[in-house]
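Please open the structure in the viewer and keep the selection panel at hand.

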4 protein chains.
Amino acid sequence: MDTSLTNWNRWGEEDEKGALNLLTPDTLLKAKEHIKQGKVQSLSYPIRQTKVPVFPKRTPAVHFMTIDGGDYKSGMNTPGGMKIADDYVVMPTHGTTHVDGLGHVWTEEQIYNGYSQDNIRSTGAKKCGVEKIEWIAGRGVLLDVARLKGVNHLDSQYVITPEDIEHCMKKQNIEIQQGDIVLVRTGWMSVFESNPGLFYERQPGIGLEAARFLAERDIVGLGADNLTVEPMPMEENAKKSLHVFMIRELGMYLMEMLHLDEFAQEKEYEFFFVAAPLKIKGGVGSPINPIVIY
Amino acid sequence: MDTSLTNWNRWGEEDEKGALNLLTPDTLLKAKEHIKQGKVQSLSYPIRQTKVPVFPKRTPAVHFMTIDGGDYKSGMNTPGGMKIADDYVVMPTHGTTHVDGLGHVWTEEQIYNGYSQDNIRSTGAKKCGVEKIEWIAGRGVLLDVARLKGVNHLDSQYVITPEDIEHCMKKQNIEIQQGDIVLVRTGWMSVFESNPGLFYERQPGIGLEAARFLAERDIVGLGADNLTVEPMPMEENAKKSLHVFMIRELGMYLMEMLHLDEFAQEKEYEFFFVAAPLKIKGGVGSPINPIVIY
Amino acid sequence: MDTSLTNWNRWGEEDEKGALNLLTPDTLLKAKEHIKQGKVQSLSYPIRQTKVPVFPKRTPAVHFMTIDGGDYKSGMNTPGGMKIADDYVVMPTHGTTHVDGLGHVWTEEQIYNGYSQDNIRSTGAKKCGVEKIEWIAGRGVLLDVARLKGVNHLDSQYVITPEDIEHCMKKQNIEIQQGDIVLVRTGWMSVFESNPGLFYERQPGIGLEAARFLAERDIVGLGADNLTVEPMPMEENAKKSLHVFMIRELGMYLMEMLHLDEFAQEKEYEFFFVAAPLKIKGGVGSPINPIVIY
Amino acid sequence: MDTSLTNWNRWGEEDEKGALNLLTPDTLLKAKEHIKQGKVQSLSYPIRQTKVPVFPKRTPAVHFMTIDGGDYKSGMNTPGGMKIADDYVVMPTHGTTHVDGLGHVWTEEQIYNGYSQDNIRSTGAKKCGVEKIEWIAGRGVLLDVARLKGVNHLDSQYVITPEDIEHCMKKQNIEIQQGDIVLVRTGWMSVFESNPGLFYERQPGIGLEAARFLAERDIVGLGADNLTVEPMPMEENAKKSLHVFMIRELGMYLMEMLHLDEFAQEKEYEFFFVAAPLKIKGGVGSPINPIVIY
């Protein structure tokens, strides 16, 4: 990997937003033109305790009701007749469809833009916290690699190459442009149901060279329908890590566990994309419910 | 209140989406035309433990880091050089800028569309759970009532009337249309810092008659920059409750604790609005980071 | 099961403590005489996220540090030189070694002592909450059934009978007395490591007839080194359920997931037993760290 | 403060238990002799969301029911007739009556016994975690300083001196002995209800000199009915900090937020004391329900 590719200082030494800086008004206005049918779809999986993938070392989300219909049945007083239900959620921020904040991964002593790792403490990320994202909105592009290969899902060890992306662009008749949010379909999430053991063991994903191919085109974000965007087991060598390359060097945004199978059936490959992470102060990730408008 | 106004069965007896049914492709395409400058703003407050309002009976959100930069400083092993930070959040779903699900309030034995309250249990809402929303996107309208009145914020006991809304529409030269998401600015959130005691005790908000005025225009959602959209203390008489009227009778979506002061300075009163609640299975609310595109 | 055996109203219709009423000063003074060597052991398993059994529908305990040594390494200010670490825990109350509160199980419309099930709401148990226990202290007795049978652990489908208990008492030269806290060793917890699949599928435990044998002797509590005291899969027929019989009819206290293997090696079968549940207001269970003093 | 007083290496360089080493069989057997009436009391406050003190930077405990009586009322299926209630708790470990683990406070680079602060990470305390305590049992002594002074509670700025302790011992006719668990009553917890503003602002407590007086007598633990054992605001200068002195230098156990007012009325000043912290792996504190047997 040519480590000369970097966005450090590109948007100033105070920058904490990274590639979001590419989302200019001009980009937005062009992206809007892809809203042609007035249709909308959500790309997120539900947040629930069971039947969802849980990455090692994390626990399932838990949802609690603090007051519900049963309480009224059990005699809870309601003088004016108004009844309320209320609830809590306890969850890892990366525990469902989510975006990685720029403080999520790094190597050596510095995170994106050269900020010291000392900023990432128990009280959260003082620099590049996920609340700095505010919004991701612009042109979205879907690369349906599973469809390109004519399979329901890529093989568990498949590494997506730059050539795959070029073929995909050609077949789908699209070009990756500066400021794009690129979504790559592997079909892998369907394996969670059909073969959970395999699902966790290995996963197809975007190879480092393919990531570089995309990064050179100056994209904003990269999402996929697997646990880690890149193949699993994840690369632990920081010099070869897609996560380190995209997040730390380039300030780009990875989105994981996307629900793409349904939307892919529309064969709409260019669209208006919106993801609005929760402003979790100091967070290094946030659940998102990304939507596509086309 | 004329209780004959209802949306039960309007979209079928199986409907769990309520007024979201008004967000048709046609509505979306019209809404898109309000994207003129390519600008975007977030309308949410941060999720954090301190310095944020906490509604009685709820607790502040808590954010936990499960691994951070300090751990590497303390000798955590990292053979390949890759470093990771990860985190959790524990929060009431209504604990920051949020949307109420249709299972959040009701009266008698039935929630929106006549579903039994028995559906709202400890395991969550089996009907009208917040995950059914999927997305809210369409034309947004800002009614800046504080500006209309020439104040930083409305008086603590002020109840917004239909006349206020009419004056506001006239002054701002806009019309409320079917399918609109209406945001009302009271300026009240600024009082949280200046006078926290008063902030909790009383709040200005939208009166039931004004809500009816809006409901008759067939809107999708109603948001405000206060804790409860309606004035506080909240109306406990279900027959006079804005919450019961909007949510239970009409299947409309209330959004609370919106951050409007900054956006209001733009004086943009029509825009493309997007809010994508987390798909918390069975939830009766969800934190949102609503964004406006104009 | 002879359902005529009941403790309802035995200690008054206001009673919420059940068999704890048997722990009289006289009982305590007799129990104290079993402290002969001045030795103490803990009977609890650790509370941790991994490597511990998790009962279906519950999630593992999660422990969070909100400030730690790494934060100081990362430059946290400490003017006077004092450094602090602090932490949180999120856990099911039945997620490790624990005691069941009297509101944990019931049948028909009433819990222990005839209180309505309406008392068990989202806000917790208004009657028989685990905070009412305050303390369990008295004579403890260990019945080492695994040792009696000459095995490391009972077979996965083994149901302990009254005869087993009689043989055990005889072999160990002890008698069950009124006010006793009875601990039964199956050896099963060791299977969690050796065969986790089997561990969850089936478990040996105390049969209903054996429970009746013990109940007739007027014990206070019954603990075992398995997930449910009774065999697993648990009996769902309320009329045959050990849980319903012991908790609802008799107000006795079940303690589960006890760590007995180590203590059993001491061959001390009578001892002073103490368990002090957390006073979780309205709780239906509490983690405990039971200790034996002998 | 004479910093020569230290327990480092006293029980070996591998020791993680500190003063618990003083709880020998002989100590236990002597302590048992204080069980004379067969009476028992709990010294803990309830764990609940409201009406309990919350130390700055922590949040209240939250208790959640995951299934309750209302669910059955709402039609939950129960084929065999058995009904279950279950619950979770989310809480700071120091959020109610609790014991500080030996990893809770330190100064410079080392915690108790010279272990590096690098052991206190996001994953918990690898050395001196609260799970190493296992049990605290032995002779307890109550020093009722409020009663000595003839007040309901000490003045908000009162610092307990060695002389106070000597007078208290003399008046109560007791001696502090090696291995004792010493409980000091200030009466302050009652102020939480009567004057919550004052309660948090200042608190009476045990001065460093008094702590030294006790430490020289080789006690095991020190508890009080206030938030911090020592006076509040807490001493930030590590050299003058009771917390640093007791925990880091001496490996002694501080217990805070004890409920002493009720027990003090018994005028029993010597007793058998038991506290069994939860074995939270890597914890730096644990809620406890301490009990006294006398």
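Contact here means heavy atoms within 4.5 Å. The model is predicted: local features need pLDDT of at least 70, side-chain atom pairs count only at pLDDT 80 or more, and totals for chains, interfaces and linings use all residues. Residues are numbered from 1 along each chain as its sequence is written, chains are lettered from A and ligands numbered from 1 in the order in which they are written, and side-chain values use heavy atoms, with hydrogens and water left out.

**Chains A and C**

Select chains A and C together. In this pair, 19 residues of chain C are in contact with 19 residues of chain A. About 1,400 Å² is buried between them, 46% of it from carbon and sulfur atoms; buried area is the accessible area (1.4 Å probe) that two parts lose on being put together, summed over both.

**Chains A and B**

The area buried between chain B and chain A is about 6,700 Å², and carbon and sulfur atoms give 60% of it. Colour B:Met82, B:Lys83 and B:Tyr88: these supply 10% of the area that chain B buries against chain A, more than any other three residues.

Now display chain A as a cartoon. Chain A has nine helices and 17 strands, which are DSSP runs numbered from the N terminus (helices H or I, at least four residues; strands E, at least two). Its C-alpha atoms fill a box of roughly 65 × 45 × 45 Å along the principal axes. Of the 294 residues of chain A, 65% count as buried, where buried means under 20% relative accessible area, exposed over 50% and partly exposed in between (1.4 Å probe, protein chains only). Among contacts in chain A between residues at least 6 apart in sequence, 79% join residues at least 24 apart.

**A:Val229**

Finally, centre the view on A:Val229, in the loop between strand 13 (221-224) and helix 8 (242-249) of chain A. Is A:Val229 buried or exposed? A:Val229 counts as buried because its relative accessibility is 0%. Residues that A:Val229 touches, not counting those up to four places away in sequence, include A:Gly205, A:Ile206, A:Leu242 and A:Met255.
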